[in-house]
Amino acid sequence: MLKQTEGSKAVAEAIALCRPEVICAYPISPQTHIVEGLGEMVKSGELAPCEFINVESEFAAMSVAIGASAAGARSYTATASQGLLFMAEAVYNASGLGLPIVMTVANRAIGAPINIWNDHSDSLSQRDSGWMQLFAETNQEAVDLHIQAFRLAEELSMPIMVCMDGFILTHAFERVDIPSQQQVDAYLPPFEPRQVLDPAQPVSIGAMVGPEAFMEVRYLAHAKQMQAIERIPQLAAEFKQAFGRDSGGLVRTYCTEDAETIIIAMGSVLGTIKDTVDEMRLAGHKIGVLGIISYRPFPLEQVRAALINSKRFLVLEKSLAVGMGGIVATDVRMAVTGTGLKGFTAIAGLGGRPITKASLHKLFGQLEKEELPPVTFLDLDWDAVNKQLERERQTRRSGPVAENMLHDKGIISAKFG
Amino acid sequence: MGFQPVKFYQTGTFTVGNRLLAADERSVQAGQTRSNSINSGHRACQGCGEALGARYAIDAAMAESNGQLIAVNATGCLEVFSTPYPESSWQVAWIHSLFGNAPAVATGVAAAMKVKGRTEVRVVAQGGDGSTTDIGFGCLSGMFERNDDVLYICYDNEAYMNTGVQRSSATPPAARTATTMPVGSEPGNVFGQGKNLPEIAMAHGIPYVATATVADLRDLEYKVRRAMKMHGARYIHLFVPCPLGWGTASSDTIRMARLAKESGMFPVFEAEHGEVTGVLKIRHKVPVEEYLKPQKRFAHLFGTHARPDMVARIQAIADRNIRKYGLLNGHEIDDPADDETCHARFPHLNPLPEGEEANESLREFHVNEGVN
């Protein structure tokens with residue numbers, strides 16, 4: 001059914017259609033509207049049978065999900081930013097135990113300085129946790145990815161994060177097609193666990209493993225994600241057949257067939273990038289876009305195939321490997337090993353810094369001429385940075401960096417665009 | 001000869017391992033249907049109080065739930081010595097997740113059982129004092145506050161034994177640990193205000209809180225069974241001496257637990273909805289020295305550089321416990337034969353016939369030799 005609705009509300013409805021049995025909720029912006037929506041549905045009886053548990057921390061949220069999933073219940077939670085970091089130990093534990101929990105990450109920056117706005121630092125910090133990570137470009141895709149995620153997670157008995165940009169998607173009202181219960185039931189069978197806590201057949205889950213078997217257990221986690229590389233496109237194709245639209249998959253290309261220059265990105269910024277590319281195409285530029293939906297597992301072959309006929313690429317990412325450069329860019333470079341393609345990185349949109357078409361036009365223009373440094377910090381205020389660096393050279397007690405920045409820049413939050 | 005009269009000494013006692021009592025008077029552990037939840041072959045140290053306590057507690061919980069039990073375990077000695085891959089001592093559905101999340105994992109298991117309508121399945125979570133009083137404290141408080149249907153059992157050996165005897169917030173004052181060495185002017189652990197988990201649990205107003213020691217396993221079984229008859233969040237704090245960490249003889253585990261209780265260092269009581277409903281009285285009051293001296297972790301309080309001042313401060317703690325919980329009330333006894341409290345402690349047992357004291361021990365059993 002078509003609806004004009006908020007991204008979080010749409011996701012809450014999609015989750016409910018997946019018939020979760022245990023939902024753990026702990027408030028952190030910008031995911032709160034999702035669990036609020038689900039809480040209301042459980043309270044009213046609209047979503048039943050389902051236990052909605054208000055926990056005391058994100059660490060508890062993931063831990064309750066671990067217990068529920070191990071006991072055979074379809075389990076869901078949502079988090080973001082500091083919350084994801086607070087539950088990090090349990091995040092690794094859930095995948096180590098092979099529990100197919102689905103979690104929405106409403107992507108948000110990590111402090112300090114504390115910042116509630118969108119970038120991808122949070123889920124990318126859990127890159128090696130053993131969770132799969134699927135990035136939604138639109139709210140429709142966020143809805144659809146959750147439905148596919150439960151199916152994939154339970155098939156492989158491994159957990160999945162569905163990542164959607166905080167505020168940009170979670171709080172945006174747009175048209176979303178919410179599927180029917182019959183459609184979802186037909187696509188997503190009931191949860192049949194590979195392992196379950198049951199007094200009738202008692203097993204020990206979570207035993208201590210030493211050097212004699214630890215590598216094998218870890219390799220099997222890797223093997224699961226390699227299986228997911230095969231299954232993700234198949235599940236997307238099945239989804240298209242059942243629901244009538246393209247959603248999910250490993251990667252998505254846009255105008256790449258004859259492109260000499262390709263922009264690579266994840267999440268909602270792909271919309272702005274495509275708009276920019278449309279305008280450049282009209283002006284005769286051979287430029288295209290590669291969206292990465294599946295960040296983990298990382299589709300090395302598919303990325304390589306999409307880039308192989310181009311001349312250069314730029315990874316535009318909302319994350320920063322401090323002391324090194326790009327996080328996604330490193331993976332992309334791995335994918336094009338030996339091709340001789342010229343690769344560039346742009347760090348953009350950290351902490352919610354708007355990524356505007358004007359900035360992208362300028363960036364892509366320089367990229368086509370290969371006039372970019374290996375790593376570009378898009379729209380960085382060099383004056384403010386240099387002023388602070390100079391201050392630190394001059395004064396030992398130069399004070400808190402964030403406060404200095406705010407003081408130097410003044411009130412300019414509304415001046416982007 | 002058809003019958004031969006045989007006299008079994010102690011056969012009339014309620015000794016926890018007595019298998020010669022009538023079936024309904026036996027402890028769970030002395031019963032034929034005990035579940036052996038944590039089976040032999042695990043790798044606990046000789047004389048481990050925690051292994052003993054867990055065995056009795058989980059078997060009692062299994063008995064009360066008719067075998068419909070799921071156990072959640074925090075990281076710690078119990079987890080490590082019971083499940084070195086690929087072996088497991090557990091003959092009960094069992095999960096270990098992390099050091100600090102056992103209460104929350106148990107909440108999840110209970111929620112799953114509820115949503116699936118499997119109301120007969122009960123959930124026990126267990127961890128050591130480090131897990132319970134320190135790293136898992138937040139999750140435990142959350143589980144209490146929500147009154148989730150979980151019995152949490154803390155096995156308190158008063159330090160992080162698994163990692164090599166470091167101080168926890170349950171470590172007593174003056175005790176030597178690897179991180180509170182007996183050096184300087186205030187040797188051993190600090191004299192802080194403590195962190196009384198049973199009282200903190202009571203402050204949550206949960207249905208049931210109890211303390212117990214491995215010196216009184218009948219009492220432990222009774223409290224576990226009592227807790228398992230209830231629903232909601234329940235907490236049992238079990239005192240389990242650790243020969244390795246305390247520097248005591250492995251044959252002294254029970255004695256140390258008894259001395260902790262008899263000295264007033266560890267009050268044994270139960271409480272419902274935040275109110276104390278019963279205490280185990282001190283039977284033979286002993287000064288704290290008697291409890292402290294056999295333990296090498298307190299050796300620096302005695303001998304050539306004795307610290308009677310610190311012993312006195314510990315005695316003051318015991319005295320405060322005794323006052324606070326009414327552990328004496330003039331009922332302490334000198335002669336075990338006078339113990340009339342025994343029945344009160346085991347209300348699940350049938351009363352003995354009029355005039356027959358529990359501990360007047362000779363009963364005659366006839367052994368039928370000639371008939372199969």
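The predicted model has an ipTM of 0.96 and a pTM of 0.93. For chain B the average pLDDT is 89, and 86% of the residues reach a score of at least 70. Over residues 333–372 of chain B, however, the pLDDT is below 50, although this stretch still has 52 contacts in the model beyond near neighbours in sequence. Where pLDDT is low, the predicted coordinates should not be read in detail.

Chain B contains twelve helices and ten strands, and 51% of its 372 residues count as buried. Of the contacts in chain B that link residues at least 6 apart in sequence, 69% are between residues at least 24 apart.

The two chains meet through 38 residues of chain B, which are in contact with 37 residues of chain A. On the chain B side, at least two residues each are supplied by β2 (69–73), α2 (77–82), β3 (93–96), α3 (102–115) and α5 (137–146). The largest share of this side comes from α3(B), with eleven residues. By residue type, the side of chain B that touches chain A consists of 22 nonpolar, 13 polar and three charged residues. Strand pairing also links the chains, since strand β9 of chain A (residues 204–205) and β3(B) pair in the parallel sense over two bridges. Within this pairing, Ser204(A) has Trp94(B) of β3(B) as its bridge partner.

Helix α5(B), one of the elements on the side that touches chain A, can also be described by what surrounds it. Its buried residues are Cys139(B), Leu140(B), Gly142(B), Met143(B), Phe144(B) and Arg146(B). The cover over these buried residues includes elements of both chains, namely α3 (58–70) of chain A and, from chain B, α3, α4 (129–135), β5 (151–156) and α6 (197–203). Just after the helix, Asn147(B) takes a positive phi of about 55°.

Chain A is divided by the domain assignment into domain 1 (2–243) and domain 2 (251–377), and the C-alpha centres of these two domains of chain A lie 27 Å apart. Between them, 26 residues of domain 1 are in contact with 21 residues of domain 2. On the side of domain 1 that touches domain 2, the elements giving two or more residues are α6 (121–125), β6, β7 and α9 (214–243) of chain A. Among these, α9(A) gives the most, with five residues. The residues on this side of domain 1 divide into 15 nonpolar, seven polar and four charged.

Strand β7(A), one of the elements on that side of domain 1, spans residues 160–165 and is mostly covered, with six of its six residues buried. Ile160(A), Val162(A) and Met164(A) point one way from the strand, whereas Met161(A), Cys163(A) and Asp165(A) point the other way, and all are buried. Strand β5(A) (residues 102–107) runs parallel to β7(A) and is joined to it by six bridges, with Thr104(A) having Val162(A) as its bridge partner. Strand β6(A) (residues 132–135) is likewise parallel to β7(A), here through four bridges, and Gln133(A) stands opposite Met161(A). Between β6(A) and β7(A) the chain passes through helix α7(A) (residues 139–156), and this β-α-β crossover is right-handed.

In chain B, strand β6(B) (residues 208–213) is also mostly covered, and six of its six residues are buried. Both of its faces are covered, with Tyr208(B), Ala210(B) and Ala212(B) on one side and Val209(B), Thr211(B) and Thr213(B) on the other. Six bridges connect β6(B) to strand β7(B) (residues 234–239), and these strands run parallel; in this pair, Ala212(B) stands opposite Leu238(B). The path from β6(B) to β7(B) leads through helix α7(B) (residues 217–228) in a right-handed β-α-β crossover. Strand β6(B) also pairs with strand β8(B) (residues 269–272), in the antiparallel sense and over two bridges, and the bridge partner of Val209(B) in β8(B) is Ala271(B).

Note on methods: Residues numbered from 1 in each chain as written. Chains lettered and ligands numbered in written order. Predicted model: local features only at pLDDT ≥ 70, side-chain atom pairs only at ≥ 80, totals over all residues. Contact = placed C-beta atoms within 7 Å. Nonpolar A, V, L, I, M, F, W, Y, C, P; charged D, E, K, R; others polar. Buried ≥ 20, exposed ≤ 12 C-beta atoms within 10 Å, placed from the backbone. Right-handed = clockwise from strand over helix to strand, strands pointing away. pLDDT = per-residue confidence, 0-100. Domains from an automatic or database assignment.
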